[in-house]
Amino acid sequence: MIGEAILFCCLSRMKSGGGTEANINAAGCNFNSFIRRAIRFVGVHAFGLCATALITDILQLMTGYPTPYFLTVCKPNYTTLNVGCDKNPYVIEDICSGADPAAINQGR
């Protein structure tokens, strides 16, 4: 925001009175062009943040790798399987005995 303010001030001083950006009049409210630029600046960065978070979540769900702390949060109870690893190497049941289901889902 500070960089946008400095850029706006420098550009408005360099331009003559006729070439400056016009103020916006919407429903009787007069908006300065700096406010318009500041809102656009924040909007672009908020969109980038949301897009990055969405893409990251999609890639994490697609790859399916658990986080490094998953076993600590899950606290798996291997005795509930009653099957040795040589007979069925894949666990298809939910064996997590952790207290916080939200943390377990976040770890997955």
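**Burial and surface.** I began with burial, and 11% of the 108 residues of the protein count as buried; buried means under 20% relative accessible area, exposed over 50%, and partly exposed in between, with a 1.4 Å probe and protein chains only. I kept in mind that this is a predicted model, where local features need pLDDT of at least 70, side-chain atom pairs count only at pLDDT 80 or more, and totals for chains, interfaces and linings use all residues. Residues are numbered from 1 along each chain as its sequence is written, and side-chain values use heavy atoms, with hydrogens and water left out. The protein exposes about 8800 Å², 65% of it from carbon and sulfur atoms (Shrake-Rupley method, 1.4 Å probe).

**Layout.** I found four helices and two strands, in the order α-β-β-α-α-α along the sequence. Helices (H or I, at least four residues) and strands (E, at least two) are DSSP runs, numbered from the N terminus.

**Helix α2.** (The expected span is 1.5 Å times one less than the number of residues.) The buried residues of α2 are Ser33, Arg37 and Ala38. After α2 comes Gly64, with a positive phi near 75°.

I then looked at Leu54, which sits in α2 (residues 33-63) and counts as exposed at 52% relative accessibility.

**Cysteines.** How many disulfides are there? I count one, with a disulfide being two cysteine sulfur atoms within 2.5 Å. Cys74 and Cys96 form it, with sulfur atoms 1.9 Å apart. Cys74 lies in α3 (residues 70-74) and Cys96 in the loop between α3 and α4, so the pair ties together parts 22 residues apart in sequence. The S-S torsion is about -100°, so this disulfide is left-handed. Both Cys74 and Cys96 are buried, while Cys50 counts as exposed at 52% relative accessibility.

**Gln106.** My last stop was Gln106 in α4 (residues 101-107), exposed at 57%. Beyond four places in sequence, Gln106 is in contact (heavy atoms within 4.5 Å) with Thr67 and Tyr69.
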